[in-house]
Amino acid sequence: MRSVCKTLKPALLLLLITVPVLAQQKKALTLHDLMTFTSFKDIEISPDGAWLAASAWPDRGDGELIVRAIEGMRSFTIERGKKPVFSPANDWLVASVPAPADLLEKKKKDKPKSGVTLLDLGSGSQRHFEKTEKYVFSPDGAWLALHAFLPKKKKGKKSGSEADSSAEKRTINPGALLRVLRLADSTEFEIPFVRSFAFDSTSRYLAYSIADSTGEGNGVYLRRLSAPETARKLSGSTHGHYSALSWGRAAGALAWIASMEDEKGKPGAGSLHIWHPGRQREILRLTDSDTPAGWYLPARNKLTWSLDGKRLFLGLRPDKDLQKQPEKKEQADFLDLSAIRENAGVDVWHWNDPLINPNQKKTWKKNQEKTWLAVVHLKDKKLVQLADSTVPDVRVPDNSHTALGLSDVPWQKYITWEGWFYDVYSIDLKKGTRHKVATRVSGRPVYLSPGGRFIVYYQDKNWHLYSVKKRTSRTLTDKLPVPFYNEDHDYPMQVPGYGIAGWLADDAAVLIYDKFDIWSFDTATGAAKNLTASYGREHGLSFRVQKLDTEKKAFARGENLLLHAFDNNSKESAIFTVTADKPGVRQVFAPGRKLRVKKKARNNARILFTLESYAEFPDIWSTDAAFADQPRRLTELHPELSDYAWGSAELVSWNSLDGRPMQGVLIKPGNYQQGKKYPVIVYFYRFFSQRVHEFNQMAINHRPNFPYYASNGYAIFLPDIRFEVGRPGFAATKSLVPGVQKIIDMGIADPEAIGLHGHSWSGYQTAFIITQTDIFACAIAGAPVSNMTSAYGGIRWRTGLARQFQYEKTQSRIGASLWEGLDKYIENSPLFYADRINTPLLIMFGDEDGAVPWYQGIELYLAMRRLGKESVFLQYRGEPHHPRKYPNKLDYTIRMKEYFDHYLKGIPAPEWISTGVPYSGK
């Protein structure tokens with residue numbers, strides 16, 4: 001990769017060259033610095049590429065939205081602004097504004113609602129609107145709709161019975177206030193009780209549905225924006241429910257679903273309505289009789305128009321899921337057995353259930369809202385069902401004849417111990433007929449071409465191309481001299497591929513990644529050509545296409561593609577270009593650190609990107625989409641970084657115990673002195689060497705913050721780990737320990753003051769490694785598995801999934817069931833070798849951990865206690881896999897630092913380490 005000096009223009013070099021300051025000691029970061037350090041979120045660019053907006057928020061407290069002109073010096077700020085949206089006309093910006101952070105934290109109930117602020121980019125004037133949940137510009141940018149938060153359900157009386165005190169009460173789901181502003185003159189009109197709304201693509205009409213406080217005015221209404229004072233009622237009935245409003249861009253028509261609400265306010269089976277403003281009438285209506293037998297049209301739905309406006313996609317649900325009113329029962333005999341059993345609290349777990357009971361519970365709500373895809377052909381007014389209980393996952397296609405379907409139904413039971421598999425189908429949009437393309441495909445590496453003529457899928461280490469018309473498959477990659485499967489794969493599961501980059505226009509070719517290069521495969525012949533001309537593999541660069549236009553379905557022949565290149569050796573980023581159908585790459589930018597492309601202007605070639613390194617905050621830069629213009633730095637959010645003893649990061653290389661080349665990152669302390677030995681914190685997971693050019697997240701959380709420790713006199717070491725199936729624990733040991741010895745030999749690490757830290761999977765590794773070596777002065781294990789034999793039979797309670805698949809096929813890498821490989825489960829469990837631990841150990845768990853059963857921490861703690869080993873167990877009440885409540889995050893951060901300070905620096909131990917903290921009744 002070329003050096004910075006060879007690729008950047010002189011003016012830009014002035015921004016990038018750092019002048020060393022040697023005269024004075026730089027200051028240390030404090031926890032207050034971490035809490036108040038701001039980072040960019042919500043980076044946006046205006047459609048014409050003239051304006052940048054980015055929210056800058058701290059870890060704790062209030063932030064702001066920064067808005068600035070990309071050319072010139074004009075800039076504005078919106079206090080507490082986030083989630084910005086530019087108007088299509090590029091003259092306005094609107095952003096959400098939450099209540100102050102301290103107020104939100106104090107209010108346990110009825111927390112204050114967010115508002116929005118409207119910014120005039122011409123004058124800089126701002127206007128604030130309280131309690132606004134949704135904000136949408138019309139497509140031409142002339143109007144802004146602001147929708148208030150929908151109120152909670154309330155009880156109301158039956159229509160026409162207001163005076164009758166004995167009238168039965170019914171549940172009402174009222175809409176909320178909609179304010180519509182004409183931005184040119186600040187005039188506005190208000191519509192009460194709006195449930196949903198939508199502008200048409202021409203910005204001539206605003207459609208909305210009403211759900212009023214009595215239910216009597218419910219309906220779908222239309223306003224012509226040239227005369228917005230008049231509303232036309234398109235459909236309506238008392239206690240009607242009107243939802244899923246959707247305008248078709250090409251069709252120019254409005255679609256919605258109408259249904260009736262029951263006494264509890266729940267909508268029943270719906271009917272589809274399509275109204276055309278040009279014809280001033282309803283052009284299509286599908287009722288319950290038009291849906292397939294056993295299915296109904298639910299009100300909670302998503303209507304999606306095809307690009308040509310000739311088809312409308314919607315969701316159906318089985319009739320058995322339709323909400324039915326419970327029958328009133330007569331009072332049963334007090335001793336009636338059936339009546340008593342109705343209140344029994346029992347869950348039945350059957351050995352042959354497709355999904356285990358806890359997983360059924362976790363997916364229950366989602367499944368109650370799930371719909372199965374169908375399509376309406378407007379010309380012949382025909383509804384065709386595409387998905388059902390046998391093929392539940394069908395994706396809305398871009399073409400007019402074929403959809404892609406996936407089914408995990410035959411393979412759901414295997415989720416428990418092996419993973420996720422799918423059968424793949426091509427589905428005829430006009431008939432609904434299906435043809436199986438492949439069976440038992442691992443994961444979802446399946447893609448339908450934009451024209452619907454081909455399906456490409458990955459299976460058994462190769463990519464395959466299926467012709468929809470011929471119903472035949474060919475293997476694309478098996479005869480090529482490079483692998484298309486993951487070359488770094490070290491799991492017992494099927495080896496995955498690297499994915500695809502996209503398609504050429506007219507389905508002419510599919511672009512597929514190997515680890516380094518991009519290949520083009522002719523869909524007619526299967527012929528392959530290396531689009532990047534093997535430059536990636538020859539130079540250790542991994543090329544990936546930067547998809548700047550998210551709405552574009554395929555690459556044009558002759559189109560220049562922007563490529564991000566990751567140097568697998570130096571970990572630096574570079575930008576190259578390639579022609580979509582012509583081999584050969586050209587480097588256009590090599591900043592010598594990490595680059596991330598963020599956004600491209602919708603109607604302009606301007607893009608935004610960030611540059612970062614360990615000691616360089618990822619500020620925002622701008623250039624054209626080909627990187628032909630000199631990049632310009634647009635922000636400098638943290639000029640004060642140079643005042644802190646941030647430290648410096650460099651790559652370190654060594655060999656594992658079995659001679660395998662390894663890499664890691666060494667972060668030297670701020671104010672580093674050559675020849676001085678420093679305490680070291682070793683932090684790891686799997687691959688961390690790529691972080692040499694990454695700016696560390698500045699936040700209070702469960703991880704050690706690298707600059708915080710580096711500025712307080714620590715070195716940090718981030719080693720890569722290469723695993724082996726069947727021996728994950730020892731593989732971690734033989735990867736990591738030689739790396740630690742390397743930094744000792746470099747004269748940087750104090751061999752008597754090295755600490756080990758890991759969380760979750762690396763929490764397990766931490767607990768295991770200290771059974772194998774005494775090189776560490778102390779260790780911290782967050783959420784570690786300690787006993788694989790008991791963890792194998794546990795549940796991941798956040799998802800309700802069994803943990804067996806994790807050991808047999810994925811992260812835990814045992815590669816066998818408990819009965820096939822009992823010796824491996826024991827050999828890789830720290831619990832069974834706890835008697836060998838001589839390293840003081842801090843264990844941390846949240847007692848509502850949904851990933852690792854927290855009793856794994858108890859098992860390890862009790863073993864250490866029984867063996868008389870020095871250990872402390874931190875149980876954070878009501879916390880999941882990572883502490884989320886700020887007091888707990890801060891507490892753990894402080895205790896982590898106190899623990900390392902005591903064992904690595906010799907600072908006197910606080911009471912919680914030396915004697916413990918007795919239970920206080922909390």
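Strand E40 (residues 560-567) and strand E41 pair in the antiparallel sense over 7 bridges. Strands pair if DSSP finds at least two bridges between them. Strands (E, at least two residues) and helices (H or I, at least four residues) are DSSP runs, numbered from the N terminus. This is a predicted model, in which local features need pLDDT of at least 70, side-chain atom pairs count only at pLDDT 80 or more, and totals for chains, interfaces and linings use all residues. Residues are numbered from 1 along each chain as its sequence is written, and side-chain values use heavy atoms, with hydrogens and water left out.

**Around strand E41**

Leucine 561 stands opposite valine 578 in E41. The hairpin of E40 and E41 has 5 residues between the strands, and there lysine 571 takes a positive phi near 70°. E41 also runs antiparallel to strand E42 (residues 582-589). A hairpin of 2 residues joins E41 to E42. Strand E41 (residues 573-579) is mostly covered, with 6 of its 7 residues buried. Buried means under 20% relative accessible area, exposed over 50%, and partly exposed in between (1.4 Å probe, protein chains only).

| Strand pair | Sense | Bridges |
|---|---|---|
| E40 and E41 | antiparallel | 7 bridges |
| E41 and E42 | antiparallel | 5 bridges |
| E33 and E34 | antiparallel | 4 bridges |

**An open sheet**

4 strands form an open sheet in the order E31-E32-E33-E34, with antiparallel pairing. Strand E31 (446-448) and strand E34 (472-475) stand at the edges, each with a single partner strand, so one side of each has no neighbour in the sheet. The twist averages 20° from one strand to the next. Serine 467 has threonine 472 in E34 as its bridge partner.

**Serine 246**

Serine 246 lies in strand E18 (residues 240-247). Is serine 246 buried or exposed? It counts as buried, because its relative accessibility is 11%. A polar atom of its side chain lies 3.2 Å from the backbone oxygen of leucine 303. Leaving aside neighbours within four places in sequence, serine 246 is in contact (heavy atoms within 4.5 Å) with Ala253, Leu254, Ala255, Leu303 and Trp305.

**Two crossing helices**

The axes of helix H9 (residues 728-745) and helix H10 (residues 761-769) come within 9 Å and cross at roughly 80°. That makes H9 roughly perpendicular to H10, a term for angles of 65 to 115 degrees. The axes are lines fitted to C-alpha atoms over the stretch in contact, and angles run from 0 to 180 degrees between N-to-C directions. Residues of H9, including Phe730 and Leu736, meet residues of H10, among them Trp761 and Phe768.

How values were computed: Parallel < 35°, antiparallel > 145°, perpendicular 65-115°, else oblique. Polar contact = N/O pair within 3.5 Å; in protein donor to acceptor, adjacent residues only side chain to side chain.
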